[in-house]
Amino acid sequence: MKILVTAKRVEDPESKIKVKPDGSGIVPEGLKYKINPFDEIGVEEGLRLVAKHGGEVVVVSIGGKEVQEQLRHALAMGATRAVWVNHAGTLDQMGVAGLLQKVVEKEKPDLVVLGKQSIDDDQNQVGQYLAEFLGWGQATFASKVESLESEQEKNKVPALQMGADGKSVRVVREVDNGLATLECTLPAVVTTDLRLNLPRYASLPGIMKAKSKPIEELTPEKLGVDVTPKVQVLKMASPPPRKAGIKVPDVATLVEKLRTEAKVV
């Protein structure tokens, strides 16, 4: 089977994020970048599925030349090859989904796995848009019943379960009151939640092999996609500083302050 996974380049959450004085964006100087953690989980799940069922994992990223760092990371984890959509301009979620749609139509994978959201803008939209554009079934927030300390996780058992006939995928997903199980006919789109798996580290042999694995370059023009943003970010602002906390002598004082000052009880 062929699995297509995404690998978005995002700011490392350990970096100190500053907003530009004019509110037009964040200050890029001094920032470190990494693969979006939810996408990395998607790469791991794809690798586990092909280890069990055979096939290949194709990883795709959109951005300037710098996103090749994240593609090489996914290749070092074990992905077979990569697709790079070279576009350094602004994109909204529909533009991203439109580009991915054309890549999917070109690659014809059995399954597309994306992170449920990226940690830079937290939009949680691309997977849903992509499924709609393709007319495919989808399962969001893929998780699993077993804990991340279970024997299944230690043995890298895939949480996404393929049907015996190879024509469907069963997904356990997190919902407000617990877990729900869905079955989607393939091809399908799945977005990953944090508790799906623990991604592997790239080994030294994997890093060396990644250097020779192919990265195909595409562009929005070559794919025939108009990526003019339909959604515009008007202004960014830093959150207001938090007020300093106080110590209270006893529970009665705490309850009184919660009632009269915070007005939460």
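Begin by selecting Gln 93, which counts as buried because its relative accessibility is 15%, under the 20% limit for that class. The model on display is a predicted one. Gln 93 belongs to helix α3, which covers residues 93–107. Show the residues around it: beyond its neighbours within four places in sequence, Gln 93 is in contact with Asp 121, Gln 123, Gln 125, Val 126 and Tyr 129.

**The whole chain**

Eight helices and twelve strands are present, and the C-alpha trace spans about 65 × 45 × 40 Å along its principal axes. Of the 265 residues, 43% are buried. Among contacts between residues at least 6 apart in sequence, 73% join residues at least 24 apart. The protein exposes about 14900 Å², of which carbon and sulfur atoms supply 53%.

**Salt bridges**

The whole structure contains 20 salt bridges. Select Lys 2 and Glu 56, whose side chains form one of them, at 4.0 Å from N to O. Lys 2 is in strand β1 (residues 2–6) and Glu 56 in strand β4 (residues 56–63), so this pair links distant parts of the chain, 54 residues apart. Both residues are buried.

Move on to Arg 48 and Glu 153, where the side chains meet in a salt bridge of 2.7 Å, N to O. Because Arg 48 lies in helix α1 (residues 37–53) and Glu 153 in helix α5 (residues 151–154), the pair ties together parts that are 105 residues apart in sequence. Arg 48 and Glu 153 are both buried.

Then select Asp 193 and Lys 116, a salt bridge with its closest N and O atoms 3.1 Å apart. Asp 193 lies in the loop between β11 (188–192) and α6 (204–210), and Lys 116 in the loop between β6 (111–115) and α4 (126–134), so parts 77 residues apart in sequence are tied together. Asp 193 is buried, with a relative accessible area of 8%; Lys 116 also counts as buried, at 16%.

**Helix α8 and the segment after it**

Finish at α8 (251–262). At its start, a side-chain oxygen of Asp 250 reaches to within 3.3 Å of the backbone nitrogen of Ala 252. Lys 263 follows the helix and has a positive phi, near 55°. Val 265, in the segment after α8, is exposed, with a relative accessible area of 59%. Display Val 265 with Val 251, Val 255 and Val 264: together they form a nonpolar surface patch with about 370 Å² of accessible area.

Note on methods:
Residues numbered from 1 in each chain as written. Predicted model: local features only at pLDDT ≥ 70, side-chain atom pairs only at ≥ 80, totals over all residues. Heavy atoms only, no water. Patch = residues over 30% accessible without salt bridge, like charges linked within 9 Å, V, L, I, M, F, W, Y side chains within 5 Å. Areas by Shrake-Rupley, 256 points an atom, 1.4 Å probe, with all protein chains shown as cover. Helix = DSSP H or I, 4+ residues; strand = E, 2+ residues; numbered from the N terminus. Buried < 20%, exposed > 50% of the residue type's maximum accessible area, 1.4 Å probe, protein only. Polar contact = N/O pair within 3.5 Å; in protein donor to acceptor, adjacent residues only side chain to side chain. Contact = heavy atoms within 4.5 Å.
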